[in-house]
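User: Hey, I'm new to this one. Can you walk me through its salt bridges?
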Amino acid sequence: PVSNELLADNDFNLMAIIGKRFARKAINTENNKIITLMKTLEEGAITSWKGVSKALNVTLDPAISVNARIFTNQDGLQYLDELEDGQKHPLLTPSLADPTKYVFRGREIVVLSNALLTTEEKKIPFYIGSMTDYAAFFDRQQAEVAVSDQAGFTKNATLIRAIERFDVRAVDTAAMVRLQFTTT
């Protein structure tokens, strides 16, 4: 419900603000469903960054590895960001194509919020592979938005309803690897 007075008295597009908030929540809901699906993969333990390299070089099929990305949370990004080679050069580097993104061994790092992809019991999650090969995303009618000033008549409010219909299914479970790095 949105107060009719608020709708009448504002000089900005309140519906656009509500729409942006819905879009942000929809993205988080979609990501949460994808993460829930990824958590069904068999978990592997790693003790260093070399486990990530082994997943890229050996565990994944070379055709998948070429397009692989590394999905982790903010703790995982921080861990990778602190790694250096023997000459004190960082192993994590900014992407040449987009300096706001990072790459590790030539693969893009996709960082999710710690709130969305949690570090549990000092285990940093890493998912490595091709999301497009691993999962299919079904978007059914995208979002349905309905507005009614009649339904909220007794409260002097306009009711806004937004419904998103989607589903996510695993297609090729060999296209993604689930690893947990235990911190000390």
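User: Let's start with Asp 167: buried or exposed?
Analyst: Asp 167 is buried, at 9% relative accessible area. Buried means under 20%, exposed over 50%, and partly exposed in between, using a 1.4 Å probe and protein chains only. Keep in mind that this is a predicted model, where local features need pLDDT of at least 70, side-chain atom pairs count only at pLDDT 80 or more, and totals for chains, interfaces and linings use all residues. Residues are numbered from 1 along each chain as its sequence is written, and side-chain values use heavy atoms, leaving out hydrogens and water.
User: Which side chain does Asp 167 meet in a salt bridge?
Analyst: Lys 33, at 3.6 Å from N to O. A salt bridge here is a side-chain nitrogen of Lys or Arg within 4 Å of a carboxyl oxygen of Asp or Glu.
User: What does that pair tie together?
Analyst: Asp 167 sits in strand E9 (residues 157–170) and Lys 33 in helix H2 (residues 14–38), so the bridge ties together parts 134 residues apart in sequence. Helices (H or I, at least four residues) and strands (E, at least two) are DSSP runs numbered from the N terminus.
User: And how accessible is Lys 33?
Analyst: Lys 33 is partly exposed, at 38%.
User: Switching topic, what about Glu 108 and Arg 69?
Analyst: Their side chains form a salt bridge, 3.3 Å from N to O. Glu 108 is in strand E6 (residues 107–112) and Arg 69 in strand E3 (residues 69–73), 39 residues apart.
User: How many salt bridges are there?
Analyst: The count is five.
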